[in-house]
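Dear colleague,

I am passing on a structure that will be new to you, and I would be glad if you could look through it with the notes below at hand. They begin with the aromatic rings and then turn to a sheet and to the cavities.

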Amino acid sequence: LIYIPYTQADPFEGSHGGVPHDRSKIGTGVLAIAVNASSGSLSFLNDGEPIIKADELPNPSYLCILERDSNSSASSSSSSRPAALRNGGLCIVSELEKGTFHSYAVCRDKTTMKITAKSAGTPLDTGGSYPCHIISADVGSDAECILVCNYGEEEGALSAFAATTADPSSESRSKDEDDDSQKYYYTRQICIPFGPGSNADPERQQSSHAHSACIVTPPFPYSMMDLCCADLGSDAIVQYSVNTTVSITDSSTSTLQCIEKRRLAAPPGSGPRSLMFNPTIHNIAIVSLEMTAQVWLIQRLKDGSFEGCGDPISILPEQWPDDDEESAKEKKQFNGGRWASDAVWSPDGKYVYAAARLHNSISVFKYIVESGSGGGRLELVQRVPTEGLTPRCLCMSECGKCLLVAHQHSHDISSFRREEGDGTIVFADRLEVPNAACVKLVRPELIG
């Protein structure tokens, strides 16, 4: 497991002084943690010392893990990475006014389990401000790209990076790279500004805010890849076609192309935050709507377009925060107590887990396929406290037995055991980690 801390304030900082929490605790950097997926037990690796220190990596907000490619052929997508990252690594964004993207090679001592991380190049400009999401994606049989969502202050922007053959004068190469690693290096090939927002909420939606992105499986063989991006500011899921073109003069160099195809309008003022496709039914996705604290099923049609599967569903109790609980009344000042974060599928594609900040809960929904509709619906199974404050990020283990939660304001990572039969979860363990923002899982043999 790799965990990353966070130091930036929440969106209510300016208008309401921010959600109350212990501000004396400050993130120390990127940490490595061991997870027993069956029991949910957590323990620090490296004696709790960061593998990347905060003074080296300012205000990190999100990371993605580059796994070692078990296919060692020259045509595998990882063969075009910088050599230092081919055995696995980390790509991390710093959420600053001038956003930066950092890459690190990760090494693991198989005897001591000590994890070390080494910079694989100098930081790159993300092309926007306050980047909040980063993923790696295969966009061809031998092409891998890094996608960054810049939340933005004046407008959101989506940037794509790809590895290209290195120019010896490039500032993107570190001085200690060997000759092999200089063959490829990351460059920003695409930067797409999203323009104005919907203004449904004048305080938060005057401009667009790119919040998350994912690659969509093509509806039929040999079609172009699609890229979808959740734009919180304009209340839309933006859909692009993505492909690569290979240079005629240099077959080792390819160029990314990204063309907007269409937009799916979300309900006004809902603020789409995260987007994840069902791992087994690839035309179905779950969207987390941050500003209305809802989840929304959408489906991809045969023509490649998207439509909603009915209306969004609330992840909050019906009366909250209008009940008699004093703490609930205090939280009502923050957007009426509505502040959703992550929503993820179980590996079998049968259940959705959605987190609500302020209410500090996880709602578990069963996905029910409805014959003839091609879509389906969600049915609430369980709602449980997250055992912390401000659950910002969720991560499900590959085996489906463990769900992890990063709590930004109670400064911890919590784990839940999951029952595969009915999808319910039970609290298991907690580790204190200041300003937790993002948590990602990887099997040890796939990195370092």
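**Aromatic pairs**

In this model, which is a predicted one, a search of the whole structure finds six aromatic pairs. One of them is formed by F101 and Y186, whose ring centres lie 5.7 Å apart with their planes at 50°, so the pair is tilted. This pair links distant parts of the chain, since F101 belongs to strand β7 (residues 100–108) and Y186 to strand β13, 85 residues apart. Both F101 and Y186 are buried, and together with F161 they form one aromatic cluster.

Another pair, that of F416 and F427, is edge-to-face, with 5.7 Å from centre to centre and 75° between the planes. Here F416 lies in strand β29 (residues 412–418) and F427 in strand β30 (residues 425–432), so that the pair ties together parts that are 11 residues apart in sequence.

**A sheet of four strands**

Please look next at the open sheet of four strands, which has the order β23-β24-β25-β26 and antiparallel pairing. Its edges are taken by β23 (340–345) and β26 (377–385), each of which has a single partner strand, so one side of each is left without a neighbour in the sheet. On average, and with direction ignored, neighbouring strands of this sheet are turned by 20° against each other. Between β23 and strand β24 (residues 351–356), which run antiparallel, there are four bridges, and Y353 in β24 is the bridge partner of V344.

**Cavities**

The count of cavities of 30 Å³ or more comes to two, and the second largest cavity has a volume of about 50 Å³. Which strands each supply at least two residues of the lining of this second largest cavity? They are β12 (157–165), β13 (184–193) and β17 (254–265). The lining of the second largest cavity includes L158, S159 and A160, as well as I190, I192, L256, Q257 and C258, and L147, L227 and V242 are also among the residues that line it. By type, the residues of this lining divide into nine nonpolar and two polar, with no charged residue.

Note on methods: Residues numbered from 1 in each chain as written. Predicted model: local features only at pLDDT ≥ 70, side-chain atom pairs only at ≥ 80, totals over all residues. Heavy atoms only, no water. 1 Å grid on protein atoms, 1.4 Å probe; cavity = no way out; pocket = protein on both sides within 12 Å on 5 of 7 lines; lining within 4 Å. Points joined across faces, edges and corners; volume = space filled by probe spheres on them. Nonpolar A, V, L, I, M, F, W, Y, C, P; charged D, E, K, R; others polar. Pairing = 2+ DSSP bridges. Axes fitted to C-alpha atoms, helices over the stretch in contact; angles between N-to-C directions. Phe/Tyr/Trp six-rings, centres within 6.5 Å; stacked < 30°, edge-to-face > 60°. Buried < 20%, exposed > 50% of the residue type's maximum accessible area, 1.4 Å probe, protein only.
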